[in-house]
Amino acid sequence: MLDADPFVPQIYRIGRMRRELADTVTLELIPQSGARPAFEPGQFNMLYAFGIGEAAISVSGARDNIAFVHTVRDVGAVSGAIAKLVPGAAVGLRGPFGTSWPVAAAEGCDVVFVAGGLGLAPLRPAIYEVLANRERYRRIVILFGCRDPNEMLYRHELEQWRQHLDIEVEVTVDQARADWHGNVGVVPALIARAGFEPHTTFAFVCGPEVMMRFTASALRAQGIPSERIYLSMERNMKCAIGLCGHCQFGSSFICKDGPVMQLDRIASILAVREV
Ligand SMILES: Cc1cc2nc3c(=O)[nH]c(=O)nc-3n(C[C@H](O)[C@H](O)[C@H](O)COP(=O)(O)OP(=O)(O)OC[C@H]3O[C@@H](n4cnc5c(N)ncnc54)[C@H](O)[C@@H]3O)c2cc1C
Ligand code: FES
(Lines give C-alpha, C1' and ligand atoms only; values in the text may rest on other atoms or scores of the structure.)
(Ligands and ions follow the chains in the order given, each with its own letter.)
Protein backbone atom coordinates (compact mmCIF):
# COMPACT_ATOMS: atom_id res chain seq x y z
CA MET A 1 0.00 0.00 0.00
CA LEU A 2 1.42 3.43 -0.96
CA ASP A 3 1.20 6.63 1.05
CA ALA A 4 -1.31 9.19 -0.22
CA ASP A 5 1.36 11.19 -2.04
CA PRO A 6 4.06 8.90 -3.45
CA PHE A 7 6.47 11.85 -3.77
CA VAL A 8 6.47 12.73 -0.06
CA PRO A 9 8.94 10.74 2.05
CA GLN A 10 7.75 9.55 5.44
CA ILE A 11 10.07 9.83 8.42
CA TYR A 12 11.59 6.59 9.70
CA ARG A 13 14.12 6.07 12.52
CA ILE A 14 17.04 3.67 12.42
CA GLY A 15 16.47 0.78 14.84
CA ARG A 16 18.88 -2.13 15.07
CA MET A 17 21.72 -2.28 12.61
CA ARG A 18 24.20 -4.95 11.69
CA ARG A 19 27.44 -4.71 9.76
CA GLU A 20 27.37 -7.44 7.13
CA LEU A 21 30.56 -6.70 5.16
CA ALA A 22 33.22 -3.97 5.19
CA ASP A 23 31.03 -1.73 2.99
CA THR A 24 27.54 -3.16 3.69
CA VAL A 25 25.08 -2.78 6.57
CA THR A 26 21.58 -4.03 7.31
CA LEU A 27 19.26 -1.48 8.93
CA GLU A 28 15.85 -1.77 10.55
CA LEU A 29 13.75 1.30 9.70
CA ILE A 30 10.89 2.00 12.10
CA PRO A 31 8.15 4.48 11.14
CA GLN A 32 8.14 7.58 13.34
CA SER A 33 4.33 7.34 13.46
CA GLY A 34 1.88 4.58 12.58
CA ALA A 35 2.65 1.19 11.08
CA ARG A 36 4.85 0.59 8.06
CA PRO A 37 2.99 -0.19 4.82
CA ALA A 38 2.71 -3.80 3.66
CA PHE A 39 5.17 -4.98 1.02
CA GLU A 40 5.68 -7.96 -1.26
CA PRO A 41 9.06 -9.79 -1.47
CA GLY A 42 11.12 -8.19 -4.25
CA GLN A 43 9.75 -4.64 -3.86
CA PHE A 44 11.94 -1.63 -3.08
CA ASN A 45 11.72 1.69 -1.24
CA MET A 46 13.26 5.04 -2.10
CA LEU A 47 15.43 5.94 0.92
CA TYR A 48 16.20 9.64 1.39
CA ALA A 49 19.37 10.79 3.18
CA PHE A 50 18.40 14.30 4.26
CA GLY A 51 20.18 17.02 2.29
CA ILE A 52 21.89 14.49 0.01
CA GLY A 53 19.36 12.57 -2.06
CA GLU A 54 17.41 9.38 -2.67
CA ALA A 55 18.40 5.85 -3.70
CA ALA A 56 16.31 2.79 -4.55
CA ILE A 57 16.95 0.06 -1.97
CA SER A 58 15.19 -3.33 -1.93
CA VAL A 59 13.44 -4.61 1.16
CA SER A 60 15.63 -7.40 2.55
CA GLY A 61 13.67 -8.44 5.66
CA ALA A 62 10.69 -10.61 6.49
CA ARG A 63 7.08 -9.52 6.09
CA ASP A 64 6.30 -10.16 9.76
CA ASN A 65 8.96 -7.67 10.91
CA ILE A 66 7.32 -4.43 12.08
CA ALA A 67 10.27 -2.53 10.59
CA PHE A 68 11.38 -2.23 6.99
CA VAL A 69 14.71 -4.04 6.77
CA HIS A 70 17.20 -2.85 4.13
CA THR A 71 20.73 -3.94 3.28
CA VAL A 72 22.80 -1.07 1.88
CA ARG A 73 26.19 -1.13 0.18
CA ASP A 74 28.16 2.11 0.38
CA VAL A 75 28.92 2.89 -3.29
CA GLY A 76 28.34 6.65 -3.43
CA ALA A 77 26.82 9.78 -1.92
CA VAL A 78 23.37 8.50 -0.86
CA SER A 79 24.18 4.90 -0.04
CA GLY A 80 27.30 6.08 1.85
CA ALA A 81 25.28 8.53 3.95
CA ILE A 82 22.63 5.91 4.76
CA ALA A 83 25.21 3.25 5.62
CA LYS A 84 26.79 5.69 8.13
CA LEU A 85 23.53 6.48 10.00
CA VAL A 86 23.35 5.48 13.67
CA PRO A 87 20.41 4.06 15.69
CA GLY A 88 17.80 6.78 16.31
CA ALA A 89 18.80 8.82 13.24
CA ALA A 90 16.08 9.87 10.80
CA VAL A 91 15.77 8.80 7.18
CA GLY A 92 13.05 9.56 4.61
CA LEU A 93 11.25 6.68 2.92
CA ARG A 94 8.84 6.46 -0.03
CA GLY A 95 7.33 3.16 -1.06
CA PRO A 96 7.13 0.29 -1.39
CA PHE A 97 7.29 0.26 -5.19
CA GLY A 98 7.55 -2.24 -8.01
CA THR A 99 6.74 -5.82 -8.82
CA SER A 100 7.46 -8.85 -6.64
CA TRP A 101 8.75 -12.43 -6.79
CA PRO A 102 5.83 -14.76 -7.67
CA VAL A 103 6.12 -16.93 -4.54
CA ALA A 104 2.43 -17.90 -4.61
CA ALA A 105 2.54 -18.95 -8.29
CA ALA A 106 5.52 -21.19 -7.50
CA GLU A 107 3.60 -23.24 -4.91
CA GLY A 108 3.68 -26.95 -5.72
CA CYS A 109 6.90 -26.49 -7.74
CA ASP A 110 10.68 -26.65 -7.26
CA VAL A 111 12.20 -23.22 -6.57
CA VAL A 112 15.78 -22.20 -7.27
CA PHE A 113 17.12 -18.89 -5.97
CA VAL A 114 20.26 -17.72 -7.77
CA ALA A 115 22.06 -14.73 -6.24
CA GLY A 116 25.26 -12.88 -6.98
CA GLY A 117 26.75 -10.67 -4.24
CA LEU A 118 24.32 -8.06 -2.92
CA GLY A 119 21.65 -9.70 -5.12
CA LEU A 120 20.88 -11.98 -2.17
CA ALA A 121 19.27 -8.99 -0.39
CA PRO A 122 16.17 -8.60 -2.64
CA LEU A 123 15.79 -12.40 -2.70
CA ARG A 124 15.90 -12.85 1.08
CA PRO A 125 12.22 -11.90 1.76
CA ALA A 126 11.16 -14.48 -0.86
CA ILE A 127 13.44 -17.11 0.72
CA TYR A 128 11.89 -16.38 4.15
CA GLU A 129 8.40 -16.71 2.63
CA VAL A 130 9.12 -20.04 0.96
CA LEU A 131 10.86 -21.45 4.05
CA ALA A 132 7.95 -20.33 6.28
CA ASN A 133 5.63 -22.38 4.04
CA ARG A 134 8.08 -25.20 3.29
CA GLU A 135 5.32 -27.83 2.86
CA ARG A 136 3.87 -25.91 -0.12
CA TYR A 137 7.00 -26.32 -2.25
CA ARG A 138 8.97 -29.25 -3.59
CA ARG A 139 12.73 -28.94 -3.97
CA ILE A 140 14.29 -25.66 -2.69
CA VAL A 141 17.76 -24.74 -3.94
CA ILE A 142 19.78 -21.62 -3.05
CA LEU A 143 22.82 -20.91 -5.25
CA PHE A 144 24.99 -17.97 -4.16
CA GLY A 145 28.16 -16.55 -5.66
CA CYS A 146 30.46 -13.80 -4.43
CA ARG A 147 33.95 -12.51 -5.16
CA ASP A 148 35.73 -14.12 -2.20
CA PRO A 149 34.78 -15.68 1.16
CA ASN A 150 34.99 -12.28 2.92
CA GLU A 151 32.19 -11.01 0.65
CA MET A 152 29.68 -13.67 1.75
CA LEU A 153 26.51 -11.72 2.56
CA TYR A 154 24.31 -13.17 5.35
CA ARG A 155 26.98 -15.80 6.06
CA HIS A 156 25.26 -17.07 9.25
CA GLU A 157 21.91 -17.47 7.55
CA LEU A 158 23.43 -19.29 4.59
CA GLU A 159 24.99 -21.67 7.12
CA GLN A 160 21.66 -22.05 8.99
CA TRP A 161 19.77 -22.74 5.76
CA ARG A 162 22.40 -25.30 4.81
CA GLN A 163 21.67 -27.20 8.07
CA HIS A 164 18.10 -27.88 6.89
CA LEU A 165 17.99 -31.34 5.35
CA ASP A 166 15.30 -30.28 2.89
CA ILE A 167 17.09 -27.19 1.50
CA GLU A 168 20.07 -27.35 -0.86
CA VAL A 169 22.54 -24.47 -0.47
CA GLU A 170 25.62 -24.08 -2.68
CA VAL A 171 28.07 -21.20 -2.37
CA THR A 172 30.82 -20.41 -4.86
CA VAL A 173 33.53 -17.73 -4.86
CA ASP A 174 35.44 -16.21 -7.76
CA GLN A 175 38.74 -16.51 -5.93
CA ALA A 176 39.82 -18.08 -2.64
CA ARG A 177 42.77 -18.73 -0.37
CA ALA A 178 43.96 -22.25 0.45
CA ASP A 179 41.70 -22.40 3.56
CA TRP A 180 38.50 -22.26 1.45
CA HIS A 181 37.19 -25.76 0.82
CA GLY A 182 34.06 -24.87 -1.12
CA ASN A 183 33.26 -24.23 -4.78
CA VAL A 184 35.38 -21.85 -6.85
CA GLY A 185 33.98 -20.39 -10.07
CA VAL A 186 31.03 -18.38 -11.28
CA VAL A 187 27.51 -19.02 -9.96
CA PRO A 188 25.95 -20.06 -13.32
CA ALA A 189 28.33 -23.07 -13.26
CA LEU A 190 26.43 -24.39 -10.21
CA ILE A 191 23.21 -24.66 -12.22
CA ALA A 192 24.24 -27.53 -14.48
CA ARG A 193 25.66 -29.36 -11.45
CA ALA A 194 22.44 -28.96 -9.43
CA GLY A 195 20.29 -30.18 -12.35
CA PHE A 196 16.62 -29.18 -12.51
CA GLU A 197 13.36 -30.74 -13.57
CA PRO A 198 12.42 -28.23 -16.31
CA HIS A 199 8.65 -28.60 -16.12
CA THR A 200 8.27 -27.93 -12.40
CA THR A 201 10.96 -25.34 -11.64
CA PHE A 202 10.63 -21.61 -10.95
CA ALA A 203 13.90 -19.63 -10.90
CA PHE A 204 14.33 -16.31 -9.08
CA VAL A 205 17.59 -14.54 -10.01
CA CYS A 206 19.27 -11.36 -8.75
CA GLY A 207 22.81 -10.07 -9.16
CA PRO A 208 25.00 -8.04 -11.49
CA GLU A 209 23.52 -7.90 -15.00
CA VAL A 210 26.31 -9.94 -16.60
CA MET A 211 25.79 -12.68 -13.98
CA MET A 212 22.03 -12.68 -14.68
CA ARG A 213 22.63 -12.94 -18.43
CA PHE A 214 24.79 -16.07 -18.01
CA THR A 215 22.49 -17.48 -15.31
CA ALA A 216 19.47 -17.10 -17.59
CA SER A 217 21.32 -18.98 -20.35
CA ALA A 218 22.29 -21.76 -17.95
CA LEU A 219 18.68 -22.09 -16.71
CA ARG A 220 17.37 -22.15 -20.29
CA ALA A 221 19.97 -24.86 -21.09
CA GLN A 222 18.30 -26.95 -18.34
CA GLY A 223 15.04 -26.59 -20.28
CA ILE A 224 13.38 -24.21 -17.78
CA PRO A 225 10.97 -22.06 -19.82
CA SER A 226 11.55 -18.28 -19.90
CA GLU A 227 8.16 -17.59 -18.36
CA ARG A 228 9.25 -19.35 -15.15
CA ILE A 229 12.57 -17.47 -14.88
CA TYR A 230 12.33 -14.13 -13.02
CA LEU A 231 15.11 -11.55 -12.76
CA SER A 232 15.36 -8.40 -10.63
CA MET A 233 16.65 -5.52 -12.76
CA GLU A 234 18.35 -2.28 -11.63
CA ARG A 235 18.45 1.15 -13.23
CA ASN A 236 18.97 4.57 -11.70
CA MET A 237 15.67 5.78 -10.28
CA LYS A 238 14.22 9.25 -9.78
CA CYS A 239 10.42 9.31 -9.44
CA ALA A 240 9.94 5.53 -8.88
CA ILE A 241 6.35 5.75 -10.12
CA GLY A 242 6.71 5.58 -13.90
CA LEU A 243 6.73 9.32 -14.69
CA CYS A 244 10.27 10.54 -15.35
CA GLY A 245 11.67 7.86 -17.68
CA HIS A 246 14.99 7.64 -15.81
CA CYS A 247 14.71 3.87 -15.37
CA GLN A 248 13.72 3.02 -18.93
CA PHE A 249 14.76 -0.47 -20.07
CA GLY A 250 13.66 -1.05 -23.66
CA SER A 251 9.95 -0.31 -23.65
CA SER A 252 9.62 -0.94 -19.90
CA PHE A 253 10.15 1.23 -16.85
CA ILE A 254 12.00 -0.75 -14.20
CA CYS A 255 10.27 1.13 -11.36
CA LYS A 256 6.74 0.02 -12.29
CA ASP A 257 7.11 -2.90 -14.75
CA GLY A 258 9.96 -4.22 -12.57
CA PRO A 259 12.22 -4.61 -10.77
CA VAL A 260 11.14 -8.28 -10.89
CA MET A 261 10.59 -9.22 -14.54
CA GLN A 262 9.86 -12.42 -16.41
CA LEU A 263 12.74 -13.46 -18.68
CA ASP A 264 10.49 -13.88 -21.74
CA ARG A 265 9.60 -10.16 -21.49
CA ILE A 266 13.20 -8.93 -21.42
CA ALA A 267 15.35 -11.66 -23.02
CA SER A 268 16.00 -9.70 -26.22
CA ILE A 269 17.19 -6.56 -24.45
CA LEU A 270 19.05 -8.48 -21.73
CA ALA A 271 21.12 -10.00 -24.53
CA VAL A 272 22.34 -6.50 -25.49
CA ARG A 273 25.19 -5.42 -23.19
CA GLU A 274 24.08 -1.82 -22.48
CA VAL A 275 20.44 -0.81 -22.90
C1 LIG B 1 15.24 -1.67 -7.78
C2 LIG B 1 16.58 -1.40 -7.16
C3 LIG B 1 16.92 -2.03 -5.98
C4 LIG B 1 18.14 -1.78 -5.37
N5 LIG B 1 18.43 -2.40 -4.20
C6 LIG B 1 19.57 -2.11 -3.55
C7 LIG B 1 19.84 -2.68 -2.28
O8 LIG B 1 19.06 -3.47 -1.73
N9 LIG B 1 21.00 -2.32 -1.66
C10 LIG B 1 21.90 -1.45 -2.23
O11 LIG B 1 22.94 -1.15 -1.62
N12 LIG B 1 21.68 -0.92 -3.46
C13 LIG B 1 20.53 -1.22 -4.11
N14 LIG B 1 20.29 -0.66 -5.34
C15 LIG B 1 21.31 0.18 -5.97
C16 LIG B 1 21.26 1.58 -5.42
O17 LIG B 1 20.02 2.21 -5.72
C18 LIG B 1 22.40 2.38 -6.04
O19 LIG B 1 23.63 1.83 -5.68
C20 LIG B 1 22.30 3.80 -5.57
O21 LIG B 1 21.50 4.51 -6.48
C22 LIG B 1 23.61 4.45 -5.45
O23 LIG B 1 23.37 5.81 -5.09
P24 LIG B 1 24.55 6.64 -4.52
O25 LIG B 1 24.13 8.08 -4.53
O26 LIG B 1 25.00 6.07 -3.22
O27 LIG B 1 25.70 6.39 -5.56
P28 LIG B 1 26.09 7.30 -6.82
O29 LIG B 1 26.98 8.37 -6.31
O30 LIG B 1 24.90 7.66 -7.61
O31 LIG B 1 26.94 6.25 -7.68
C32 LIG B 1 28.05 5.56 -7.14
C33 LIG B 1 28.44 4.41 -8.07
O34 LIG B 1 27.38 3.44 -8.13
C35 LIG B 1 26.96 3.28 -9.48
N36 LIG B 1 25.52 3.17 -9.46
C37 LIG B 1 24.61 4.13 -9.14
N38 LIG B 1 23.38 3.64 -9.22
C39 LIG B 1 23.46 2.36 -9.59
C40 LIG B 1 22.54 1.32 -9.85
N41 LIG B 1 21.23 1.50 -9.74
N42 LIG B 1 23.01 0.11 -10.21
C43 LIG B 1 24.33 -0.09 -10.35
N44 LIG B 1 25.27 0.84 -10.12
C45 LIG B 1 24.85 2.04 -9.75
C46 LIG B 1 27.42 4.51 -10.21
O47 LIG B 1 27.65 4.23 -11.57
C48 LIG B 1 28.70 4.85 -9.48
O49 LIG B 1 29.78 4.09 -9.96
C50 LIG B 1 19.07 -0.90 -5.98
C51 LIG B 1 18.74 -0.27 -7.18
C52 LIG B 1 17.51 -0.51 -7.76
C53 LIG B 1 17.17 0.18 -9.04
S1 FES C 1 12.16 6.22 -12.01
FE2 FES C 1 10.88 7.63 -13.06
S3 FES C 1 9.96 6.39 -14.57
FE4 FES C 1 11.03 4.96 -13.33
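How many nonpolar, polar and charged residues are in the lining of the largest pocket? I looked this up in a predicted model. By class, I found 25 nonpolar, 13 polar and nine charged residues in that lining.

**Entry: the largest pocket**

I noted the volume next: the largest pocket holds about 1,400 Å³ of space. Its lining is made up of 47 residues, and those closest to the centre are Leu-118, Gly-119, Gly-207, Pro-208 and Glu-234. I then checked which helices and strands take part. Strands β3 (44–49), β4 (53–58), β5 (68–73) and β8 (140–146) each give at least two residues to this lining. Helices α1 (77–83), α2 (120–132) and α5 (209–221) also give at least two each.

**Entry: the second largest pocket**

For the second largest pocket I read a volume of about 350 Å³. I listed 17 lining residues, with Arg-18, Glu-20, Thr-26, Arg-124 and Tyr-128 nearest the centre. Two or more residues of this lining come from each of β1 (10–21), β2 (24–31), α2 and α3 (155–163). Which element gives the most to it? I found that β1 does, with four residues. By class, I recorded six nonpolar, five polar and six charged residues in the lining of the second largest pocket.

**Entry: Asn-45**

I picked one residue of strand β3, Asn-45. Is Asn-45 buried or exposed? Its relative accessible area is 0%, which is under the 20% cut-off, so I wrote Asn-45 down as buried. I then looked for its contacts, leaving out residues up to four places away in sequence. Asn-45 touches Ala-55, Ala-56, Ile-57, Val-59 and Phe-68, and also His-70, Leu-93, Arg-94, Gly-95 and Pro-96. With His-70 there is also a polar contact between the two side chains, at 3.0 Å.

**Entry: ligand 1**

I counted 19 residues around ligand 1. Which of them come nearest? I noted Ala-56, Thr-71, Arg-73, Ser-79 and Asn-236. Ala-56 had already come up in the list of residues that Asn-45 touches.

I went on to the distances between polar atoms. A polar backbone atom of Thr-71 lies 2.8 Å from a nitrogen atom of ligand 1. For Arg-73, I read 2.8 Å from a polar backbone atom to an oxygen atom of the ligand. For Ala-77, a backbone N or O atom is 3.5 Å from an oxygen atom of ligand 1.

Notes
Residues numbered from 1 in each chain as written. Chains lettered and ligands numbered in written order. Predicted model: local features only at pLDDT ≥ 70, side-chain atom pairs only at ≥ 80, totals over all residues. Heavy atoms only, no water. 1 Å grid on protein atoms, 1.4 Å probe; cavity = no way out; pocket = protein on both sides within 12 Å on 5 of 7 lines; lining within 4 Å. Points joined across faces, edges and corners; volume = space filled by probe spheres on them. Nonpolar A, V, L, I, M, F, W, Y, C, P; charged D, E, K, R; others polar. Buried < 20%, exposed > 50% of the residue type's maximum accessible area, 1.4 Å probe, protein only. Polar contact = N/O pair within 3.5 Å; in protein donor to acceptor, adjacent residues only side chain to side chain. Contact = heavy atoms within 4.5 Å. Near = heavy atom within 4 Å.
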